[in-house]
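Subject: Structure handover

Hello,

Here is the structure you are taking over. My notes on what was found in it follow below.

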Amino acid sequence: MPPTAPGLGSEAELRAAYDAHGPELYRYAVRQLRDEGTAQEVVQEVFLRAWRRAGSFDPSVASLRVWLFAIARNAVVDEVRRVAVRPWRRTLTGEPPEPPGTAVDATEQAVLDGWLVEEALRRIRPEHREAVVQTHLLGRPHAEVAAELGVPVGTLRSRIFYGLKALRLAMDEMGVEP
């Protein structure tokens, strides 16, 4: 039996998590996949993965909702890849051909990715977050940001390096896969 975590330790807690987040996850999956049946399978896969990895859920890192959406994002990407690798399976199983635009909607995916990055940025040290946001997300020159923060450019680069490293770790802890 998989280890337990707050919110997923018992059947009642898992059911409560499903009642609280299942419909929202389903709507996300339908929007991404444009197939209600596949979306139901993805949501089922999300809760199966969550139950199996309940021990890796840490409420101090991310909320249950964020953790479930990270799993859903990965499950949707896995489904899109599965279909892309074997498109002929749709004809064998009688599934209708994929209508145009059924790939993961780029705008919605960008919103979800931004949401996950924002959550991960909250988990890193403030000086690292400031360096990453100013240089990588806002695209400002290193010299300008260093002068504004009152630190040498080398210190800013060090903060960026360690900030990106911490950001990667935070996203790994949230269950986000590349």
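To start with burial, 37% of the 178 residues in the protein are buried. Please keep in mind that this is a predicted model.

The protein has eight helices and zero strands. Read from the N terminus on, its elements run α-α-α-α-α-α-α-α. Of the contacts between residues at least 6 apart in sequence, 66% join residues that are at least 24 apart.

Helix 6 covers residues 126–137, and its buried residues are His128, Ala131, Val132, Gln134 and Thr135. Just after helix 6 comes Gly139, which takes a positive phi of about 70°.

Helix 7 spans residues 142–149 and helix 8 spans residues 153–173. How do these two helices lie relative to each other? Their axes come within 9 Å and cross at roughly 100°. An angle of 65 to 115 degrees counts as roughly perpendicular, and helix 7 and helix 8 are therefore roughly perpendicular to each other. On the helix 7 side, the contact is made by His142, Ala143, Val145, Ala146 and Leu149. Helix 8 contributes Val153, Leu156, Arg157, Arg159 and Ile160. Sorted by type, the residues of this contact are seven nonpolar, one polar and two charged.

Salt bridges

Side chains of opposite charge can pair when their charged atoms come close. Searching the whole structure gives twelve salt bridges.

Is Glu11 buried or exposed? Its relative accessibility is 59%, and exposed means over 50%, so Glu11 counts as exposed.

The next pair is Arg49 and Asp78, whose side chains meet in a salt bridge at 2.8 Å, N to O. Arg49 belongs to helix 2 (residues 36–52) and Asp78 to helix 3 (residues 64–85), so this pair ties together parts that are 29 residues apart in sequence. The relative accessible area of Arg49 is 16%, and Arg49 is buried. Asp78, at 28% relative accessibility, counts as partly exposed.

The last pair sits in helix 8, where Arg168 and Asp172 are four residues apart, about one turn of the helix. Their salt bridge has its closest N and O atoms 2.5 Å apart. Arg168 is partly exposed, with a relative accessible area of 34%. Asp172 also counts as partly exposed, at 43% relative accessibility.

Regards

How values were computed:
Residues numbered from 1 in each chain as written. Predicted model: local features only at pLDDT ≥ 70, side-chain atom pairs only at ≥ 80, totals over all residues. Heavy atoms only, no water. Buried < 20%, exposed > 50% of the residue type's maximum accessible area, 1.4 Å probe, protein only. Contact = heavy atoms within 4.5 Å. Axes fitted to C-alpha atoms, helices over the stretch in contact; angles between N-to-C directions. Parallel < 35°, antiparallel > 145°, perpendicular 65-115°, else oblique. Nonpolar A, V, L, I, M, F, W, Y, C, P; charged D, E, K, R; others polar. Salt bridge = Lys/Arg side-chain N within 4 Å of Asp/Glu carboxyl O.
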